[in-house]
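Hello,

Here is the structure we talked about, for you to open alongside this message. My notes follow below it.

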Amino acid sequence: MIRILVTGGAGLIGSHLCSKLLESGNKVLCLDNFFTGTKENLLQLMDNSYFEILHHNIINPISLELDQIYNLACPASPIHYLHDPVQTTKTSVIGAINMLELAKNLNIPILQASTSEIYGDPEIHPQLESYWGNVNTIGPRACYDEGKRCAETLFFDYYRENKVNIKVLRIFNTYGPHMRSDDGRVVSNFIVQALQNQDITIFGDGNQTRSFCYVDDIVNAMIQMMDSKDLTGPINIGNPMEVTMNELADMIIELTDSKSQKVYLPLPKDDPKRRKPDITLARQKLNWEPKIDLREGLLKTIDYFKSPRPS
Ligand code: NAD
Ligand code: UDP
């Protein structure tokens, strides 16, 4: 039995990753400061004696006994990462240094949850790992994008300088149960609005695109990457099915049988126009591709938002 650290384990992806790792017979330590994550996401794990929670801010160094690290701690929704942008950069950059030091000292593998946001507003479509990106360094989103870019730099410096066993995945838009209703990301916003027959808030003209991947598929890719030999990445992980925000809204209105109408609000600054992963590398190196299509994943997520929450 090995002991695995999941930083950001109380969030959307982290909570599903903790579950899956426990199911596979591991001990799991979830480190989180509960900025966006909640204990509610971990309720079904609390009775498992191999599961522990550590309330800790990753920007502070820490010493632990571990066998693997998955580094996910960082708010992922624009409204949350923009709330305190300096804290967001510190979480990515200082957090990465603290976790890499731990991995170096313990001589254990470490996986970084990097992001498609490192490509910024991409000029290459679909996005390949070899593309260096188009990020506005002084824009509001830069605290997240540049923090994640610098974290990748640190991972590769620790790999070159200290031979740390690194694994970097560039994750594209992910959705599923355990998104907060006030998460602010588009899938949860549209579902919550549709279920309440409220206006669906489309930012801009709704012709911008994203490619949404169900959380279980992402978690499987992360575990496969961690278990791979000699793969450092970066490797793109996401669902290549690209939709406009108008199409997403129409699909959610249909699946929820909602009376909601679409309303158009200003587009946030530096909002990427198109995003779609090229997952050739993931297919070749990890033998991975997403299994859950958008309609199926949305139905599961809609069921989650319909079910009563513990108070
Ligand atoms: P989330 O906001 O649901 O979860 C992030 C978790 O990190 C939360 O539990 C939060 O409380 C915790 N956290 C934040 N700052 C922290 C700090 N300073 N110390 C300790 N814990 C802290 O986000 P998510 O969607 O689960 O994303 C998880 C990771 O995956 C993030 O690193 C994100 O950048 C990356 N990612 C997510 C997506 C996506 O679409 N969801 C896409 C690409 C990359
Ligand atoms: N978006 C929208 N309405 C919302 C929330 C988001 O139209 O209520 C848009 C947003 O402007 C972006 C896309 O949906 O173009 C995806 O936004 P999200 O915050 O989910 O992810 P990201 O922009 O980080 O990819």
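Predicted model: local features only at pLDDT ≥ 70, side-chain atom pairs only at ≥ 80, totals over all residues.

Residues are numbered from 1 along each chain as its sequence is written, and chains are lettered from A and ligands numbered from 1 in the order in which they are written.

**The annotated domain**

The UniProt record, an unreviewed entry, lists residues 4–238 as "domain: NAD-dependent epimerase/dehydratase"; positions are in the numbering used here, feature names are shortened, and such annotations may be inferred rather than shown by experiment. That span is 35% helix and 19% strand, and its end C-alpha atoms lie 24 Å apart. Helices (H or I, at least four residues) and strands (E, at least two) are DSSP runs, numbered from the N terminus.

**The two ligands**

Ligand 1 is surrounded by 27 residues, and the closest are Gly8, Gly11, Thr36, Gly37 and Ala76. A residue counts as near if its C-beta atom, placed from the backbone, lies within 6 Å of the molecule. Helix 1 (12–23) and strand 5 (110–115) each supply at least two residues of this shell, and helix 1 gives the most, with three. By type, the shell around ligand 1 has 14 nonpolar residues, 12 polar and one charged. Here Ala, Val, Leu, Ile, Met, Phe, Trp, Tyr, Cys and Pro count as nonpolar, Asp, Glu, Lys and Arg as charged, and the others, Gly among them, as polar.

Around ligand 2 there are 15 residues, of which Arg185, Val186, Asn189, Thr201 and Phe203 come nearest. Helix 5 (186–195) and strand 8 (200–203) are the elements that give two or more residues to this shell. Strand 8 gives the most, with three residues. The shell around ligand 2 divides into seven nonpolar, five polar and three charged residues.

**Two helix pairs**

The axes of helix 3 (residues 85–106) and helix 4 (residues 142–162) come within 8 Å and cross at roughly 15°. Axes are lines fitted to C-alpha atoms, for helices over the stretch in contact, and angles run from 0 to 180 degrees between N-to-C directions. Helix 3 and helix 4 are therefore roughly parallel to each other; angles under 35 degrees count as roughly parallel, over 145 as roughly antiparallel, 65 to 115 as roughly perpendicular and the rest as oblique. The residues of their contact divide into 12 nonpolar, five polar and three charged.

Val186, Phe190, Ile191, Ala194 and Leu195 of helix 5 make the contact with Met245, Leu248, Ala249, Ile252, Ile253 and Thr256 of helix 7, where contact requires C-beta atoms, placed from the backbone, to lie within 7 Å. These residues divide into 10 nonpolar, one polar and no charged.

**Backbone details**

A cis peptide bond joins His125 and Pro126, with omega about -10°; Pro126 lies in the loop between strand 5 and helix 4. The bond from Gly233 to Pro234 is also cis, with omega near 0°, and Pro234 lies in the loop between helix 6 (215–227) and strand 11 (235–237). Asn197 is not a glycine, yet has a positive phi of about 55°; Asn197 lies in the loop between helix 5 and strand 8.

Best wishes

Technical notes
Contact = placed C-beta atoms within 7 Å.
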